[in-house]
Amino acid sequence: MNKVKTIDDVIINVARIIIDELMIEDVTPETFDPEMDLVDEVGIDSMDLATVALVIQDEYGIRIDEDDYPKLTNVRLIAEYINNKR
């Protein structure tokens with residue numbers, strides 16, 4: 001875990017995790033819009049979000065409270081949440 005990563009690095013990594021875990025095609029971490037709503041625009045459901053949250057927790061060594069899941073609606077918000085927890 002590298003604490004000197006910029007928010008942009010975290011955004012790219014979170015996008016990579018989402019793309020890999022949910023097997024999203026035709027997009028790369030660099031082209032994934034960090035402002036895109038994950039539920040309304042990507043179609044992520046609560047089970048998908050829980051899976052992604054577990055991977056992020058392992059990757060960054062943080063704990064994501066289930067009560068916070070509804071706030072994590074896009075990649076940028078997830079990245080900011082991660083940075084605030086580290």
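**The cavity and its surroundings**

A: Let's begin with the lining of the largest cavity: Leu49, Val52, Ala53, Ile56, Ile64, Leu72 and Ile78. On a 1 Å grid over the protein atoms alone, a cavity is a set of points where a 1.4 Å probe fits but cannot get out, and lining residues have an atom within 4 Å of a point. Keep in mind that this is a predicted model, where local features need pLDDT of at least 70, side-chain atom pairs count only at pLDDT 80 or more, and totals for chains, interfaces and linings use all residues. Residues are numbered from 1 along each chain as its sequence is written, and side-chain values use heavy atoms, with hydrogens and water left out.

Q: How much space lies in the largest cavity?
A: About 30 Å³, where the volume is the space filled by probe spheres set on the grid points, joined across faces, edges and corners. A search of the whole structure turns up one cavity of 30 Å³ or more.

Q: Which helix gives the most to the lining?
A: Helix 2, residues 46-60, with four residues. Helices here are DSSP runs (H or I, at least four residues), numbered from the N terminus.

Q: Switching to helix 3, which residues are buried there?
A: In helix 3 (residues 75-85), Val75, Ile78, Ala79, Tyr81 and Ile82 are buried. They lie on the same side of helix 3, because they cover an arc of only 160° around the axis; the arc is that of the directions from the helix axis to the C-beta atoms. Buried means under 20% relative accessible area, exposed over 50%, and partly exposed in between, with a 1.4 Å probe and protein chains only.

Q: And what do those buried residues pack against?
A: Helix 1 (7-22) and helix 2. Contact means heavy atoms within 4.5 Å.

Q: New topic: is Asn13 buried or exposed?
A: Asn13, found in helix 1, counts as buried because its relative accessibility is 10%.

Q: What does the side chain of Asn13 join up with?
A: The side chain of Glu59, through a polar contact of 3.1 Å. A polar contact is a pair of N or O atoms within 3.5 Å; within protein, one must be able to donate a hydrogen and the other to accept it, and residues adjacent in sequence count only if both atoms are side-chain atoms.

Q: Last one: where is Ile24 found?
A: In the loop between helix 1 and helix 2. Ile24 is partly exposed, at 23% relative accessible area.

Terms used: On a 1 Å grid over the protein atoms alone, a cavity is a set of points where a 1.4 Å probe fits but cannot get out, and a pocket is an open set with protein on both sides within 12 Å along at least five of seven lines; lining residues have an atom within 4 Å of a point. Helices (H or I, at least four residues) and strands (E, at least two) are DSSP runs, numbered from the N terminus.
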